[in-house]
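Welcome! Have a look at the picture, then read on.

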Amino acid sequence: MQDYHELQIWQRSMQYAVDLYRFSALLPDEQRYNLVVQLRKAATSGPILNIAEGSGCMTDGEFVRFLGYAYRSLKDVVTCLELCERLYSTVEHQALTVLIDEGNQISRMTHVLMRRLSPADDASAGVHLVN
């Protein structure tokens, strides 16, 4: 068990969620109950809350399970941002590029941490890691 506040991955995920909230406020009103909700839910419940909850687990294997949830939520966020890129020509594309890049970087960090904490035999532990 460790204090999640000390984890760089949690710190970056927290700032990422703040940035996503600010970005999503700029999306058209018609997306208030669709992309905005999806982005915000995936950004908060995924990386931030799962990393925090997982850091309180008793075993590394349990923590890896929560990191897996965070990893998948980050992929969800990045995909939503890529959809915004295609749908809205009025949205600041430089901001989108920065958010997509940061999401991919945090995903890689999550994947590395998962691999570091995973048992030697990932298949027998039920952990399937893909790049």
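## The overall layout

In what order do the elements of the protein run from the N terminus on? They run α-α-α-α-α. The protein has five helices and zero strands; here helices (H or I, at least four residues) and strands (E, at least two) are DSSP runs, numbered from the N terminus.

Before going further, please note that this is a predicted model, in which local features need pLDDT of at least 70 and side-chain atom pairs count only at pLDDT 80 or more, while totals for chains, interfaces and linings use all residues. Residues are numbered from 1 along each chain as its sequence is written, and side-chain values use heavy atoms, with hydrogens and water left out.

## Size and surface

The C-alpha trace spans about 50 × 25 × 25 Å along its principal axes. The radius of gyration of the protein is 15 Å, which agrees with the value near 14 Å that a compact globule of 131 residues would have. This radius is taken over C-alpha atoms, and the globule rule is 2.2 Å times the number of residues to the power 0.38.

How much of the protein counts as buried? The share is 42% of the 131 residues, where buried means under 20% relative accessible area, exposed over 50%, and partly exposed in between (1.4 Å probe, protein chains only). The accessible surface comes to about 7,600 Å², of which 52% belongs to carbon and sulfur atoms; such areas come from the Shrake-Rupley method with a 1.4 Å probe, and for residues only the protein chains shown count as cover.

## Contacts across the chain

Let us turn to contacts, meaning heavy atoms within 4.5 Å. Among contacts between residues at least 6 apart in sequence, 67% join residues at least 24 apart.

Beyond its neighbours within four places in sequence, Tyr16 is in contact with several residues, including Leu74, Val77, Leu99 and Ile106. Tyr16 and Ile106 are 90 residues apart in sequence, yet their C-alpha atoms are 9.0 Å apart in space.

Thr110 belongs to helix 4 (residues 93-117). Is Thr110 buried or exposed? Thr110 is buried, as its relative accessible area is 0%. Leaving aside neighbours within four places in sequence, Thr110 is in contact with Ile9, Leu67, Tyr71 and Leu74.

Phe63, in helix 3, counts as buried at 7% relative accessibility. Not counting residues up to four places away in sequence, Phe63 touches a set of residues, among them Gln2, Leu7, Ile51 and Leu113.

## Aromatic pairs

A pair of aromatic rings is described by the distance of the centres and the angle of the planes. Rings of Phe, Tyr and Trp (its six-membered ring) pair if their centres lie within 6.5 Å; planes under 30 degrees apart count as stacked, over 60 as edge-to-face and the rest as tilted. By this rule there are two aromatic pairs. One of them joins Tyr4 and Trp10 edge-to-face, with 5.0 Å centre to centre and 65° between the planes. Tyr4 is partly exposed at 27% relative accessibility, whereas Trp10 is buried at 11%.

Phe66 and Tyr69 also form an edge-to-face pair, 5.7 Å centre to centre and with 85° between the planes. Both lie in helix 3 (residues 60-87), three residues apart, about one turn of the helix. Phe66 is buried at 9% relative accessibility, while Tyr69 is partly exposed at 33%.
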